[in-house]
Each structure stands twice: as structure tokens, then as C-alpha cells.
Amino acid sequence: MWSAVAAKDHASGPVFISINPGSLLATKMVQEGFGIAGNDIGIGSGILVRASLDDAFSTRSGQYFDNDAGDFGPPHADARDAAKSQTVVDGINALLDRLA
């Protein structure tokens, strides 16, 4: 939600892309929460490096990349709701203002 709103607010750049780095990667959360080792953590870091360097991502601001599917796709229905997205962003900004 934040990435989509930021992309609209900054249409001339930089690029904002929401990325699912991959499900059940070998993190402490997965290990403790699911009791499994998880998939190679390099899957998640690899897509972030690729998104930073690959020109194919440079024109996809405001979109969602699902690394499990290996492609851009629709985000959750709530993230496609402009009013809900703005409410989330307003909440994030209010929290950041209190922490500043």
C-alpha cells in the first residue's frame, strides 16, 4: 500500500516497488514460527539486488512483484483500494511524526 501511494506521490521518481522476496525463507521467524529450516535466504536477497539493478524494474513504479510467481502481479485486494491505502500511509506518517 505504501509503495503504491509513494509511486503516485513521486511520479517523476524514484521508483517504488512492493516486493514479496519469497515465502518461507530461512529466517529466524520461519524457523521458530513454523519449525522448518526454510528456503535459501539468497532467494530473497537476490530479487532485491535484481530489482535494484535490472532496467526491467525501472518502469514498474507502484507495482507488486511476487517472487514466488517470478513476475509482477496484482497485490492483495486491499492494496488496490486507494482509500484504504491512504489510511495506512497516513497512519505510518503519524507514527513517524511521533517518533521524530
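1. The sheet. In this predicted model, an open sheet of 3 strands has the order S1-S2-S3, and its pairing is mixed. Two strands are taken to pair if DSSP finds at least two bridges between them; helices (H or I, at least four residues) and strands (E, at least two) are DSSP runs, numbered from the N terminus. Strand S1 (18-20) and strand S3 (71-73) stand at the edges, each with a single partner strand, so one side of each has no neighbour in the sheet. From one strand to the next the twist averages 30°, where axes are lines fitted to C-alpha atoms and angles run from 0 to 180 degrees between N-to-C directions.

2. Pairing of S2 and S3. Strands of a sheet pair through backbone hydrogen bonds, either parallel or antiparallel. Strand S2 (residues 64-66) and S3 run antiparallel and are joined by 3 bridges. In one of these strands, S3, Gly-73 is the bridge partner of Tyr-64.

3. Basis of the values. Residues are numbered from 1 along each chain as its sequence is written, and side-chain values use heavy atoms, with hydrogens and water left out. As the model is predicted, local features need pLDDT of at least 70 and side-chain atom pairs count only at pLDDT 80 or more, whereas totals for chains, interfaces and linings use all residues.

4. The chain as a whole. The chain contains 4 helices and 3 strands, and from the N terminus on its elements run α-β-α-α-β-β-α. Along its principal axes the C-alpha trace spans about 40 × 35 × 30 Å. The accessible surface comes to about 6700 Å², of which 57% belongs to carbon and sulfur atoms; these areas come from the Shrake-Rupley method with a 1.4 Å probe, and for residues only the protein chains shown count as cover. Of the 100 residues, 22% count as buried (buried means under 20% relative accessible area, exposed over 50%, and partly exposed in between, with a 1.4 Å probe and protein chains only). Among contacts (heavy atoms within 4.5 Å) between residues at least 6 apart in sequence, 48% join residues at least 24 apart.

5. Helix H4 (residues 82-99) has 18 residues and reaches 26 Å from its first C-alpha to its last, close to the 26 Å expected at 1.5 Å a residue. The expected span is 1.5 Å times one less than the number of residues.

6. Ser-85 lies in helix H4 and is buried, with a relative accessible area of 2%. Leaving aside neighbours within four places in sequence, Ser-85 is in contact with Met-1, Val-5, Asp-78 and Ala-79. Arg-98 also lies in H4, but counts as exposed at 64% relative accessibility. Arg-98 and Ser-85 are 13 residues apart in sequence and 20 Å apart in space, C-alpha to C-alpha.

7. Met-1 is placed in the segment before H1 and counts as partly exposed, at 29% relative accessibility. Beyond its neighbours within four places in sequence, Met-1 is in contact with Asp-78, Ala-79, Lys-84, Ser-85, Val-88 and Val-89. In H1, Ser-3, Val-5, Ala-6 and Ala-7 are buried, and the buried residues of this helix pack against S1 and H4.

8. Backbone points to inspect. Most residues other than glycine have a negative phi, and most peptide bonds are trans. A cis peptide bond joins Gly-13 and Pro-14, with omega about 0°; Pro-14 is found in the loop between helix H1 (2-9) and S1. Leu-24, although not a glycine, has a positive phi of about 50°. Leu-24 sits in the loop between S1 and helix H2 (28-34) and counts as partly exposed at 38% relative accessibility.

9. Helix H2. Lys-28 lies in this helix and counts as exposed, at 59% relative accessibility. Lys-28 and Gly-38 are 10 residues apart in sequence and 9.3 Å apart in space, C-alpha to C-alpha.
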